[in-house]
Each structure stands twice: as C-alpha cells, then as structure tokens.
Amino acid sequence: NPSVREMNLDGSLIREFTVPRPYLPNKRQTRGARDNYGFESLTLSSDQKSVIAAMENAVIQDGERSTLTEGSNSRVIVFDRESGAVTAEYIYKTEPLFAEATHAPFWNDSGVNEILADGDDLLVLERSNASGVGYRISLYRASFAGATDIKGKASIKNTKVLPLKKELVLRLDEGVFGLTL
C-alpha cells in the first residue's frame, strides 16, 4: 500500500502518516493505487512545514494510466509535517506516452517520478518509456495557484477539477537533448 513513513538514520520507524482511503487498493481492484504506481516521489515544502507526495499515475477510481492520447490524473497529497494531518490534495496531469512500443515486450510506461519543492511551486520529473524506442524525461514547474483542492474526495470522475498548472523546463529524449528555458 502507498505509505509515507518518517525514519531514524538507523532505519527504525519514528511514525507513519495516515494515508487516506482513496489511495489504498481494495481486493476487487476498484479503488486505490495500481500495483507499482503508488507514491513515487516525496519532498518537503520550502518552509519545511509540509510533506508532499505524488502518485506515479491516477488511482483506479480517478482514471486510467497514461496512454498514447491521454495523460493520467496523478494525486499530489500535502501533509502537515508536525501533526501528520492531510492539509490538501491536488491533481497533477501527466503527459501522454510519447511513443508507441515497437519491440517485445511492447511495454509503455509513463508517470511522475520525482518532485522537489521550489518556493511555492513544485519541480516535477516525468519519465516516459517505450520498448524499442527509449525514454523521454521531462522536467516541469508546477504551480498550486488556482488548482482545485480535492481533499476528502473518494473520486474525481465526473467532477470538474483544475490540475496544477505546469510549464516545461527541460526535456531529454534518448539520443536527443532539448533544452527549454
């Protein structure tokens, strides 16, 4: 299950943050994180008062994984660092897969792989790969300003939600490097 834990340097547990039910998979696989698509990234807010984590792709009830035509609605959760309480939840819309797989095992994958707080924004690293084609790594600056707080919502399907606004900062493709400033 997706989890956020605070540990001592020796690896012993200090505490575990309570992750809301919509993130936790059920046995029927109608809710929660898909296998291997849980919290992929974690950062402290710039003021060190919040712990922010992002799902790699959408939880099942919010939509599909990234496809060649659509990105995925990854949830971003904000915990109060001191109390562990959830203070906000947002959607970060990933980009669609950048290419179709051309070789066995014909696997495509894409999602949020890392986040870093930068002032009031997040730097978000998205990674996309396609068997036989390679990888695309994209770095975005994402802003919480104007984004819909979905805290407490079991699902965002059939709900108007404004995701974090994002702007491309850097893109690296296998064999080709592009830089946007």
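**Stop 1: a charged network**

Select E56, D109 and R127. Salt bridges link these three residues in a network. The model you are viewing is predicted. Across the whole structure, a search finds 13 salt bridges. Side chains of opposite charge can pair when their charged atoms come close.

**Stop 2: two bridges between β1 and β2**

Select R5 and E16. They form a salt bridge, with the closest N and O atoms 3.3 Å apart. The pair links distant parts of the chain: R5 sits in strand β1 (residues 5–7) and E16 in strand β2, 11 residues apart. R5 is partly exposed, at 47% relative accessibility. E16 is partly exposed too, with a relative accessible area of 43%.

R15 counts as partly exposed at 22% relative accessibility. E6 counts as partly exposed at 30%.

**Stop 3: a buried pair**

Select D62 and R75. Their salt bridge brings the closest N and O atoms to 2.5 Å. D62 is in the loop between β4 and β5, while R75 is in strand β5, 13 residues apart; the pair links distant parts of the chain. Are D62 and R75 buried or exposed? Both are buried.

**Stop 4: an arginine with no salt bridge**

Move to R31, in the loop between β2 and β3. R31 is buried yet has no salt bridge. Which side chain of opposite charge is nearest to R31? That is D62, 11 Å away. Look instead at the backbone of L24. Its oxygen lies 2.8 Å from a polar atom of the R31 side chain. Show the surroundings next. Beyond its neighbours within four places in sequence, R31 is in contact with R21, P22, L24, P25, N26, I60 and Q61.

**Stop 5: a buried proline**

One of those contacts of R31 is P22. Select P22, in the loop between β2 (13–16) and β3. Why does P22 count as buried? Its relative accessible area is 12%, and buried means under 20%. Draw a distance from the C-alpha atom of P22 to that of G32. The two residues are 10 apart along the chain, and these atoms are separated by 5.3 Å. Not counting residues up to four places away in sequence, P22 touches R31, G32, V59, Q61, R75, K153 and A154. R75 is the arginine paired with D62 at Stop 3.

**Stop 6: the largest nonpolar core**

Select V76, Y90, Y92, L122, V124 and L164. These have the most contacts inside the largest nonpolar core, which has 17 residues. Which strands each supply at least two residues of this core? They are β4 (50–55), β5 (73–80), β6 (86–93), β7 (108–118), β8 (121–130) and β9 (134–143). Apart from this core lies another, of 13 residues, including F17, A33, F39 and V86. In soluble globular proteins, nonpolar side chains tend to be buried together.

Return to Y90. Leave aside its neighbours within four places in sequence. Y90 is then in contact with S74, R75, V76, V78, F144, A147, T148, D149, I150 and L164.

**Stop 7: paired strands**

Show β8 and β9 as a cartoon. They pair in the antiparallel sense over 10 bridges. N129 stands opposite Y135 in β9. The hairpin has 3 residues between the strands, and G132 in it takes a positive phi near 90°.

Follow β9 to its pairing with β10 (residues 165–173). That pairing is antiparallel as well, over 8 bridges. Here S143 stands opposite K165 in β10.

**Stop 8**

Most residues other than glycine have a negative phi, and most peptide bonds are trans. Keep that in mind for the last selections.

Select A104 and P105. A cis peptide bond joins them, with omega about 10°. P105 lies in the loop between β6 and β7.

Go on to F106. The loop between β6 and β7 holds F106 too. What is the phi of F106? It is about 50°, positive although F106 is not a glycine. F106 is exposed, with a relative accessible area of 53%.

Finish at Q48, in the loop between β3 (39–44) and β4. Q48 is not glycine either, yet its phi is positive, near 70°. Q48 is partly exposed, with a relative accessible area of 40%.

Notes. Residues numbered from 1 in each chain as written. Predicted model: local features only at pLDDT ≥ 70, side-chain atom pairs only at ≥ 80, totals over all residues. Heavy atoms only, no water. Core = buried A, V, L, I, M, F, W, Y, C linked by side-chain atoms within 4.5 Å. Buried < 20%, exposed > 50% of the residue type's maximum accessible area, 1.4 Å probe, protein only. Helix = DSSP H or I, 4+ residues; strand = E, 2+ residues; numbered from the N terminus. Contact = heavy atoms within 4.5 Å. Pairing = 2+ DSSP bridges. Lys, Arg positive; Asp, Glu negative; His and termini not counted. Salt bridge = Lys/Arg side-chain N within 4 Å of Asp/Glu carboxyl O. Polar contact = N/O pair within 3.5 Å; in protein donor to acceptor, adjacent residues only side chain to side chain.
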